Every structure is written in C-alpha cells, then in structure tokens.
Amino acid sequence: MTADCDQLSKTDIDILVCTFRRPGVRDTLLSIDAQILPPGVAIRVIVADNDDDPTAEPDVSRAAAQMKTPVVYLHAPSRNISIARNACLEHADANWIAFIDDDERAAQDWLASLLASAERNRADGAFGPVMAQYGHDAPDWVREYDYLSTWPQARGGEVQTGYTGNAILRWRGSPLVAQRFSLQKGKTGGEDTEFFFRLWRAGARFAVADSALVYEGVEPARLNFHWIRKRKFRAGQSYGRHCAAPSLFTHLRLACASCGKIAICIAMTGVRAFCISKRRYWLLRSAFHCGVLSSAFGGRESVSYGN
C-alpha cells in the first residue's frame, strides 16, 4: 500500500485524508482514484487514522487493493484532528497537496479544477464548494437555504481562509511547508480556518474554484435546528478568533459589530415570525454573530472531535 521513495519524488499532488471511524472513507478513496487528471499529473493519497486503534486500516487496505493510485496509510492516534492533519503534512512530498474529508465524494474533474484555478490565478491555493446531498427526509427549510453546503468566500476582494473539506495548496519548495495545524484547535474544530488565516497573514494568496465540486451526504442527526444552530455558533467563534490579529481594539470592534448584527437579526426574526424558513434563517444568522461575540470575550469552544 505504501509507495516507494522513487515514486514519492515523482508525485505531483498528494491528497490528504483524515479519518475517524468512518467506513465510508472507502468511497472517498475510490472517488479520488476516478479523477480525470491533466496530462502529466500524478497523484498519491495519504490517509491518517485518528482513532486510538488502527480501525480504519482494513477499509483503507480494501480500497487501496482496487485502486491504481498509490495509497499510504498512517496511524495518528489521540483523537485530535490536528495530529492527523500534521501527520499527513509530515509525509507529504509533492508540488501540491489537496484536502478532502472522509465523508465526501469528489466529482471526476475535482482535482483538475482546483489545480487549474490555483494556477490560473497564480495563487498559493484554492478552495472549492462542499455540496450537501440531502435525503428525502430533509426538511424544506433546510433545503431552501442549503445550510449544510459550504461555499468559499472572498471578503474585501480577498479569499482569506477556507476549509480542508475541499482545498489545494502549494507545497514542495514553498515557504508553507513549515506550517502545521494548531493542536489546541484539534478537538474544538476550526483548526482549518485558523491554519489558512495564518497562511494568508504570512502572505499566501488564495482563489475560489467554483467548479471543483465534492459532495457530502447529510446524516439525519444533522437535519434539525438545534444541530445547525450549534454549527453556526461554532463557525462564528472560529471566525471571530482568527479573522484578525488579537488586540483590545479588535475585540471591541468585533463585539460592537456583532451586537449591531445580532440586533438586526432579532428584529428581522420578528418581522418574519410567521414564515418558518425566514424566521429560522434570521435566528441562525444571529447564532453565527453570537459566536463572533462570544469569541470577542474569550468564550470557550466546545469539543467537537474525538467523542
């Protein structure tokens, strides 16, 4: 399953996958193997298993036996996602690295589209959308606003951060190779938001690859207001903590801006009180800004990984 040293030196893109007790990682790997690549581009997959025991190894081995793409399996225990991500980075030895989650499936032109966007924009990296795939039991209000898909965003004309669910990054020979994910964020989540913000502040430039699609099936447990509200709150906390260098002025500015936005959201919730989808839209926007406000006052982040 592990490629030899000569193969590693010729790899153009290493695709990094962290996994924790998800048998569906096999489908993720097979979707990577089905990529239609640009001429001359070679790929390799590195899988880091974050469970205490190497529980993912049988699934990864079965997938690797069906693949033409070399696969490297790593056991990176401790139930801290940053440990797994950093294990992947330590083993990466390619011109580019790409990220995809273990519950996602890549479109066949995913990698080619990511690479083309980064090269066309002369960027150090690019982010693509993660498209939620809803089952028949998904509520209409969730579908209407597509709360569980993720779209990369530009703020002030710049893409400042992104997510490891769908990303590509320059690697070998780049100043970025010394960077690692924060172990402190490895249980709360938001480690990828912080990582890419840090790279952006160090001078990295990112692009959006709208056509580089990956798909994520939505678990039924996530199709409720309570789960989505918690996700929005955590996203607000993560954004608030890392969108600017910490200082008293930054915290005050974030707090004031968040209070104003929360007030607007509450007012709009009242205006839209009789429309369930609109009411929940404004409540969920309020949850995000409440998370930003919490970050301004040092609110604790809940544990998201390793349970």
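**Salt bridges and cores, questioned**

Modeller: Searching the whole structure turns up 18 salt bridges. Keep in mind that this is a predicted model.

Biologist: What makes Asp-102 and Arg-22 a salt bridge?

Modeller: Their closest N and O atoms are 2.8 Å apart, and the cut-off is within 4 Å, so the pair counts as a salt bridge.

Biologist: Why do you say the pair ties together separate parts?

Modeller: Asp-102 sits in the loop between strand 4 (96-100) and strand 5 (104-106), and Arg-22 in the loop between strand 1 (13-19) and helix 2 (25-33), so parts 80 residues apart in sequence are tied together.

Biologist: Why is Asp-102 called buried?

Modeller: Its relative accessible area is 4%, and buried means under 20%, so Asp-102 qualifies.

Biologist: And what makes Arg-22 partly exposed?

Modeller: Arg-22 has 26% relative accessibility.

Biologist: Okay, and the cores: which residues have the most contacts inside the largest nonpolar one?

Modeller: Phe-99, Leu-169, Phe-196 and Phe-206, in a core of 36 residues. Leu-169 touches residues including Trp-96, Phe-99, Phe-196 and Phe-206. Apart from that core lies another, of 34 residues, among them Ala-56, Val-60, Ile-100 and Ala-209.

Notes. Residues are numbered from 1 along each chain as its sequence is written. This is a predicted model: local features need pLDDT of at least 70, side-chain atom pairs count only at pLDDT 80 or more; totals for chains, interfaces and linings use all residues. Side-chain values use heavy atoms; hydrogens and water are left out. A nonpolar core is a set of buried Ala, Val, Leu, Ile, Met, Phe, Trp, Tyr and Cys residues joined through side-chain atoms within 4.5 Å. Buried means under 20% relative accessible area, exposed over 50%, partly exposed in between (1.4 Å probe, protein chains only). Contact means heavy atoms within 4.5 Å. A salt bridge is a side-chain nitrogen of Lys or Arg within 4 Å of a carboxyl oxygen of Asp or Glu. Helices (H or I, at least four residues) and strands (E, at least two) are DSSP runs, numbered from the N terminus. Lists of a residue's contacts leave out its neighbours within four places in sequence.
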